[in-house]
Amino acid sequence: MRNDYNDMVSNYNEHKRYLILNIVNHLGAVSRTRLAVLTGYQPANITALTKQLIDEHILVETGSYSAGPGRKRTLLEINKNRLCAISISFSVSAITFIVAQFDGTILNEINIDFPKKLSEPDFLFHIITHIRQLLNAYQEKTILGIGICTPSNDPASYPIARFHPSYPRLVDWIHKVLLPELRKTFDIPASVFYDVTLAITAAQNFGAARGVNDFICVELSNGIGCSICCNGKAVTGANSLAGELGHTVVGAGGTVIGAGGTVLGGGGTAHKLCYCGKPDCIECYSSFPELVKCIRGALKHNVLSKLAIEPGSPITTRDIRLALEAGDQMCRYYVRQFANSLGIAIANAVMLLNPKLIVLYGHMLELGDYFLDTLKTAVHENTSLEMEVNITASPELEKLLPLGAAAEIFSLYLKRDNYSWVYQLPIMTDETGGMG
Ligand SMILES: [Zn+2]
């Protein structure tokens with residue numbers, strides 16, 4: 001009986017603690033008086049609870065607020081400089097470790113080459129060593145957890161498999177080997193998050209979508225992907241594969257005419273087979289590798305171009321941007337075609353989902369204004385009704401996945417899912433919220 005009672009008291013105190021943390025997190029800066037009003041707890045109780053959170057370096061006092069003549073109130077906020085997370089993300093070429101603060105500031109970023117072959121023990125040792133070094137380097141911070149970004153949970157269908165033979169096994173390995181090992185080795189929580197939702201989490205927490213409940217993030221890079229946020233929640237789909245915008249078909253393929261008049265796709269004349277097995281996916285007409293293929297084809301046919309490329313050397317986004325800026329006809333032709341196809345696909349997503357905002361990210365944005373402006377025009381020209389949608393480019397979003405994993409770690413720490421109602425509270429510019 002005695003134990004039950006103690007458990008109840010400690011659960012109740014824990015609830016109070018997380019309620020306060022979530023209110024402070026949502027409102028940004030808040031006085032003890034307002035915390036008392038919002039929670040209904042006695043002021044003395046609020047004082048004791050917040051003192052404990054300050055002593056633990058989780059909250060900090062930050063400036064003061066004038067609540068009327070002679071009345072000053074100290075504001076409290078989350079100790080953003082102190083609370084941090086480590087996240088790990090895997091791409092075909094590199095493994096990225098970041099240390100991110102609670103406000104999304106990246107304190108450190110380490111990129112190491114993705115090993116050509118997975119020699120498991122070495123690979124694992126490598127990762128553990130890097131995490132240990134980061135934990136040592138940031139001892140004065142409070143590292144709340146380790147977040148791992150993985151591709152969707154169906155490795156066989158994951159398109160990156162075509163670039164890297166060991167990649168499909170990676171997802172399995174992360175769950176069965178890496179995660180248990182991290183949990184065993186370090187005394188902080190470790191969790192795995194699927195990339196389909198991480199762009200949403202990062203854009204909501206640190207990016208352009210702060211305070212927006214209906215938006216999509218579109219990745220423009222070697223693949224074309226889309227993350228969907230409806231009603232404040234990320235849409236994952238039945239197999240965590242929602243948002244495969246790149247594998248939707250626009251018309252019979254946007255007609256792309258290759259050098260020498262070859263019809264590369266669309267128009268019912270010729271088709272491109274996508275690596276997913278279907279003909280004419282939008283990715284065949286809009287991804288960066290396909291753009292490079294078209295441009296290479298034209299150069300091979302001796303089409304006049306201002307693109308200065310040594311034969312055999314890679315064509316980068318920067319090379320193409322410089323050619324576009326110099327008014328290169330051939331590059332403009334292909335980039336216009338690609339941006340148009342993409343614009344139609346994104347407009348279709350807009351008509352289906354009615355988002356308020358589209359956040360574009362990925363290295364194709366480095367193609368510059370010509371690409372972006374053409375894309376925006378194509379989206380607007382292909383939407384109708386009253387779909388008032390804003391389009392914003394977020395170059396920082398290359399870091400979206402690791403930042404998203406950090407944000408998820410912070411949410412887990414705050415037990416945010418249990419306090420989702422707190423995030424419906426209106427944010428007042430007047431700190432008291434009119435409640436004195
Ligand atoms: Zn496809």
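Is the crossing of α2 and α3 right-handed or left-handed? Hi everyone, let's start there, and please keep in mind that we are looking at a predicted model. The crossing is right-handed. The contact itself brings together Arg32, Leu35 and Ala36 from α2 with Pro43, Ile46, Thr47 and Thr50 from α3. Sorted by class, that makes four nonpolar residues, two polar ones and one charged one. As for the geometry, α2 covers residues 32–39 and α3 covers residues 43–55, and they pack at an angle of about 115° with their axes 9 Å apart.

Now let's move on to the sheet. Five strands make up an open sheet, and if you walk across it the order is β11-β10-β9-β14-β15, with mixed pairing. At the edges sit β11 (233–235) and β15 (390–393), each of which pairs on one side only. On average, neighbouring strands here are turned by 25° against each other, ignoring direction.

Let's zoom in on one pair. Strand β9, residues 215–220, runs antiparallel to strand β10, residues 224–230, and six bridges join them.

My last stop is helix α8, residues 317–325. Which of its residues are buried? They are Ile320, Ala323 and Leu324. Looking down the axis of α8, the buried residues fall within an arc of 100°, so they line one face of the helix. Among the elements covering them are α9 (329–353) and α10 (369–381). After α8 comes Gly327, with a positive phi near 80°.

Definitions and conventions. Residues numbered from 1 in each chain as written. Predicted model: local features only at pLDDT ≥ 70, side-chain atom pairs only at ≥ 80, totals over all residues. Axes fitted to C-alpha atoms, helices over the stretch in contact; angles between N-to-C directions. Helix = DSSP H or I, 4+ residues; strand = E, 2+ residues; numbered from the N terminus. Left-handed = near helix turned anticlockwise from the far one by under 90°. Contact = placed C-beta atoms within 7 Å. Nonpolar A, V, L, I, M, F, W, Y, C, P; charged D, E, K, R; others polar. Pairing = 2+ DSSP bridges. Buried ≥ 20, exposed ≤ 12 C-beta atoms within 10 Å, placed from the backbone. Arc of directions from axis to C-beta.
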